[in-house]
Amino acid sequence: MRKNPKLRIKLHETAPKQETAVLVAVSNNKQSAAKTREYLDELEFLAMTMNVQTLGRFTQLLDRPDKRTYVGKGKLEEIRAFVQHKGCDMVIFDDDLSPSQLRNVESELGVKIYDRSLLILDIFSARAKTSQAYTQVEVARLKYMLPRLTRLWSHLERQRGGTGTRSGSGEQEIETDRRTLKTQITILKEKLAKIDLQGHTQRKSRGEVVRVALVGYTNVGKSTIMNMIAKVDLFAENKLFATVDSTVRKVVLDRVPFLLSDTVGFIRKLPTLLIESFKSTLDEVREADILLHVVDVSHPNFEEHINVVNTTLAEIKAVDKKIILVFNKIDQYENPDADNLVTTKPTLQQLMETHLNKQEYKAIFISALEKENIEELRKIISQTVNDQHHLLYPNYLFPEVDYEAMTKEFNEQQSKLDELI
């Protein structure tokens, strides 16, 4: 059979097109150019997590953002010219925009507009695996949308309606949508309350066992540490918010059992709506007896990350805990240039000497990826859990049981509960 040379097979690209974006930030005289760059680096990482490629960055020095369009008129024109020239799909702002700013900027630029909160909400929505996490994110997203509904109707002509009416169809539709959103929020809150009750009952049934929670800035390696200590296989990835669901597993170290939970990572300017909606998930942190505060020591501003986490812990009333500082990623730590006399960055050895000598908390330096100093971490956790157990449950003695079988049974049941919730 002869092939028809005129017959052509046309292939269609099925992979989703990677969207492109421009990043925008406003800084004042109190913020250095280096700090602004760092914040935009983090914003770009957030965009990359949503598979969005950054094509350009714009910053403007202002005492405060413009009330109408966040940036000044000239800078907005500059951004619009770049967006049109490059064919960008969206513009992402490093701060939250007011409903009017969002509407005005979108009208001026003619592309999708994201502010920091909306971007983080989208990431959480994409990362949520359980019904609980998805419902929490949906509540936060609807609350975010509620004051911004007029933006959805900006393409409609606002007509005044007939005699005796004071508003056009657009305003009436907005009111209808607003009532619908409020109803949805109420329904989802009721669902969350039931899930929260289940979680509370589940936590109460865990008995006289010390609870340990992993906390830290996002993308510091909490899930990797959880996998090693608990010997489980949780999802871990070099992206922000790889984990948004809390996971609890039973662990036994030196015949001392305890519960270890992995929780959502914190971040600078974490939307208040998310903190409110994730109350039940953050209960694992609030009700923990010991916190493993994981820090990416290779990050140039890890001390600021520590402060962000401590501030968030204070917001959720979870600061009065035993804390072990776990400085991770020592394999990626870059020592300062010995020839650079201006640098003030300490060596890793100096960092270790400084933090290990502090008496108010325990600290350890590890590499979860390279499994460096992990046995020492296990010893510190085991000793701290043992001390805390005798403090909390002085009359409780560990029974002579098969801990390996007991732990396996508990973790299997917990996995099934996670799927249900």
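1. Starting point: burial. A residue counts as buried when its relative accessible area is under 20%. In this predicted model, glycine 221 has a relative accessible area of 17%. Glycine 221 is therefore buried.

2. Where glycine 221 sits. The residue lies in a loop. Strand E5 (210-216) comes on one side of that loop and helix H8 (222-230) on the other. Phenylalanine 327 is 106 residues away from glycine 221 in sequence. In space, the C-alpha to C-alpha distance between the two is 10.0 Å.

3. Confidence. The protein chain has an average pLDDT of 80. A score of at least 70 is reached by 75% of the residues. Residues 152-167 need care when reading the model: pLDDT stays under 50 there. For that stretch the model has 19 contacts beyond four places in sequence.

4. Strand E5. How many residues of E5 are buried? The count is 7 of the 7, so E5 is largely enclosed by the rest of the structure. Val210, Val212, Leu214 and Gly216 point one way from E5. Arg211, Ala213 and Val215 point the other way. Both sets are buried, Arg211 included. As background, side chains in a regular strand alternate between the two faces of the sheet.

5. Partners of E5. Which strands does E5 pair with? One is strand E7 (residues 256-262), joined in the parallel sense over 5 bridges. Here valine 210 stands opposite phenylalanine 258 in E7. Another is strand E8 (residues 290-296), also parallel to E5 and joined by 5 bridges. In this pairing, valine 212 has isoleucine 290 of E8 as its bridge partner.

6. The four-stranded sheet. What is the strand order in the open sheet of 4 strands? It reads E2-E1-E3-E4, with parallel pairing. Strand E2 (52-61) and strand E4 (112-114) are the edges, each pairing on one side only. On average, neighbouring strands of this sheet are turned by 20 degrees against each other, direction ignored.

7. Strand E1. E1 spans residues 19-27 and is mostly covered, with 8 of its 9 residues buried. Its parallel pairing with E2 has 9 bridges. Valine 22 faces glycine 56 of E2 across that pairing. With E3, E1 pairs in the parallel sense over 4 bridges. Alanine 21 stands opposite methionine 90 in E3.

8. Helix H1 (residues 33-49) belongs to a β-α-β unit with E1 and E2. Which hand does the unit have, right or left? It is right-handed.

9. The E3 and E4 end. Strand E3 (residues 90-93) pairs with E4 over 3 bridges, in the parallel sense. Valine 91 stands opposite isoleucine 113 in E4. Helix H3 (residues 99-109) packs on the sheet and touches both E3 and E4. The direction of H3 makes about 145 degrees with that of E4. Helix H4 (residues 116-127) lies across E3 and E4. Its angle to E4 is about 90 degrees.

10. In short. E5 is parallel to both E7 and E8, and 7 of its 7 residues are buried. The open sheet E2-E1-E3-E4 is parallel, with H3 packing on it. Residues 152-167 are a stretch to treat with caution, given pLDDT under 50.

Definitions and conventions
Residues are numbered from 1 along each chain as its sequence is written. Side-chain values use heavy atoms; hydrogens and water are left out. Helices (H or I, at least four residues) and strands (E, at least two) are DSSP runs, numbered from the N terminus. Buried means under 20% relative accessible area, exposed over 50%, partly exposed in between (1.4 Å probe, protein chains only). Two strands pair if DSSP finds at least two bridges between them. Axes are lines fitted to C-alpha atoms, for helices over the stretch in contact, and angles run from 0 to 180 degrees between N-to-C directions. Contact means heavy atoms within 4.5 Å. pLDDT is the predictor's confidence in each residue, from 0 to 100. A crossover is right-handed if, with the strands pointing away from the viewer, the path from the first strand over the helix to the second runs clockwise.
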